[in-house]
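Please open the model in a viewer and keep the selection tool at hand.

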Amino acid sequence: MSDENIYLTLVKVFAPLSLISIGGGQSIVGDIHHQAVDVHQWLTQGRFIDLFAISRAAPGPGALLTTLIGWDVSGFAGALVASLALFVPSSLLAYLVTRAWHGKREEPWYRWVQAGLAPLATGLILASALTIIRATSGGASPWIIAGVSAAFFSRFHKVNPLPILAIGGLIQVLVARFLA
Amino acid sequence: MSSQSDPTLPPPASFHAPSLAELALPFGKIGISSFGGGLSAWVYREMVDARHWITEDEFLGAVTMSQILPGANIVNLALQIGFRLRGGIGSVVAVLSLLVPPMIVVILLGIALTSIGHIDWLHDFLEGLAATAIGLSASVGLRSARRSLRMGWWPSLLSLSVIIGVFGLQWPIVPVIFGLAVCGLFIARVKIRG
């Protein structure tokens with residue numbers, strides 16, 4: 001890590017990601033991992049996976065992973081700075097668009113803008129999924145658990161995910177204890 | 001359609017805009033009780049069904065917009081509804097009440113994890129949980145990839161380009177997405193005559 005101010009670095013990492021996070025927070029998790037673990041080496045692979053799991057099991061949007069990383073890097077001030085860097089740029093843009101568009105009728109451009117950007121969101125979500133699973137401790141079991149989970153939720157997408165997440169965690173504990 | 005579903009008209013005379021505190025309450029509730037996605041269904045229940053603050057049409061328009069724009073969809077949705085009900089300050093109150101309570105929870109969980117220290121089975125548990133969450137996230141991507149097939153081959157090709165560029169070649173994400181966004185918007189504009 002360089003001598004550069006840590007808060008400035010957090011802003012430089014998260015603010016650009018804020019503006020390309022089409023499709024929501026889960027589309028940029030892969031790059032958050034890349035920046036936090038590979039580029040800036042704020043945390044280890046294992047620690048990243050722990051924090052990622054917490055952000056998924058906790059309430060609120062998954063983008064709160066950023067809050068956790070900021071906190072891990074530099075305490076409460078880090079959490080605050082990282083969160084602001086992630087949420088303010090996209091919110092400012094959304095606010096300006098909302099204000100400009102408020103009260104106007106739905107226009108046809110909605111349709112083609114959404115059609116043109118949706119495939120990027122889809123690609124980012126899948127690329128992030130692959131990046132994170134590659135960051136797990138290795139072995140086949142996380143890949144198999146993720147694959148089975150993807151198949152399950154593709155079919156039963158209205159199921160409350162929380163108990164299923166807990167079952168996935170328990171399976172990995174059993175695998176590590178008895179099969180590894 | 002009734003005038004109530006027309007967002008260009010002012011709300012009916014019987015409509016009382018909620019106070020800022022009244023606005024904060026349901027968004028705080030949604031933020032703290034929402035687990036693992038599906039948050040927009042909660043917003044629908046609170047805003048359209050339970051309180052009649054916005055119409056179904058307004059809700060659907062806001063959802064579409066929240067998906068087009070960058071940023072967490074639920075945050076963009078709260079921002080738009082807050083604006084619709086109370087203007088700019090409404091946006092700020094809705095987003096903060098949505099985010100601050102779960103932020104506190106997530107940091108408390110981080111502190112708890114750190115103070116426990118490294119325990120093998122706990123890390124294994126979190127790793128299995130993370131893998132399951134990745135599957136959940138991938139299922140969202142897979143379903144939208146399947147839906148996009150009815151528009152032809154080009155959406156899948158764009159998605160695949162993102163995966164190859166960002167995951168395969170590990171190119172920087174910002175230029176990859178901006179470049180492909182230009183392609184995507186161009187193709188969609190040609191294919192879909194608006």
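Does Arg155(A) count as buried or exposed? Select this residue in the predicted model. Arg155(A) counts as exposed, because 10 C-beta neighbours lie inside 10 Å, and a residue with 12 or fewer is placed in that class. The residue belongs to helix α6 of chain A, which covers residues 141-155.

**Stop two: a helix of chain A**

Select residues 45-57 of chain A, which form helix α3. This helix has 13 residues and spans 18 Å from its first C-alpha to its last, close to the 18 Å expected at 1.5 Å a residue. Of the 13 residues of α3(A), 10 are buried, so the helix is largely enclosed by the rest of the structure. Among the buried residues are Phe48(A), Leu51(A), Phe52(A) and Ile54(A), and Asp50(A) and Arg56(A) are also included.

What covers the buried residues of α3(A)? From chain A, the cover includes α2 (29-39), α4 (65-101), α5 and α7 (161-178). From chain B, α4 and α5 take part.

**Stop three: chain B as a whole**

Select chain B next. It has seven helices and zero strands. Buried residues account for 42% of its 194 residues. Among contacts in chain B between residues at least 6 apart in sequence, 48% join residues at least 24 apart.

The mean for chain B is 86, with 90% of its residues at 70 or more. In residues 1-10 of chain B, however, the pLDDT is below 50; this stretch has 12 contacts in the model beyond near neighbours in sequence.

**Stop four: helix α3 of chain B**

Select α3(B), residues 56-68. This helix has 13 residues and reaches 19 Å from first C-alpha to last, close to the 18 Å expected at 1.5 Å a residue. Its buried residues are Phe59(B), Ala62(B), Met65(B), Ser66(B) and Ile68(B). To see their surroundings, display α5 (109-135) of chain A along with α2 (39-50) and α4 of chain B, against which the buried residues of α3(B) pack.

**Stop five: the nonpolar core**

Which residues touch the most other members of the largest nonpolar core? They are Ala78(B) and Ala130(B), in a core of 107 residues. Helix α4(B) supplies the largest share of this core, 17 residues. Domain 1 (3-116) and domain 2 (145-194) of chain B both give residues to the core, so it lies between them. Centre the view on Ala78(B): leaving aside its neighbours within four places in sequence, this residue is in contact with Phe27(B), Ala94(B), Val95(B) and Leu98(B).

**Stop six: where the chains meet**

Finally, display both chains together. Their contact takes 93 residues from chain A and 82 residues from chain B. On the chain B side, the elements that give two or more residues include α1 (20-33), α4 (73-116) and α6 (154-168). Which element of chain B gives the most to this side? It is α5(B), with 25 residues. By class, the side of chain B that touches chain A has 50 nonpolar, 28 polar and four charged residues. For the complex, the predictor gives an ipTM of 0.87 and a pTM of 0.85.

Definitions and conventions
Residues are numbered from 1 along each chain as its sequence is written. Chains are lettered from A and ligands numbered from 1 in the order in which they are written. This is a predicted model: local features need pLDDT of at least 70, side-chain atom pairs count only at pLDDT 80 or more; totals for chains, interfaces and linings use all residues. Two residues are in contact if their C-beta atoms, placed from the backbone, lie within 7 Å. Helices (H or I, at least four residues) and strands (E, at least two) are DSSP runs, numbered from the N terminus. Ala, Val, Leu, Ile, Met, Phe, Trp, Tyr, Cys and Pro count as nonpolar, Asp, Glu, Lys and Arg as charged, and the others, Gly among them, as polar. pLDDT is the predictor's confidence in each residue, from 0 to 100. The expected span of a helix is 1.5 Å times one less than its number of residues. A residue is buried if 20 or more other C-beta atoms lie within 10 Å of its own, exposed if 12 or fewer, and partly exposed in between; C-beta atoms are placed from the backbone. A nonpolar core is a set of buried Ala, Val, Leu, Ile, Met, Phe, Trp, Tyr and Cys residues joined through C-beta atoms within 7 Å. Domain bounds come from an automatic or database domain assignment.
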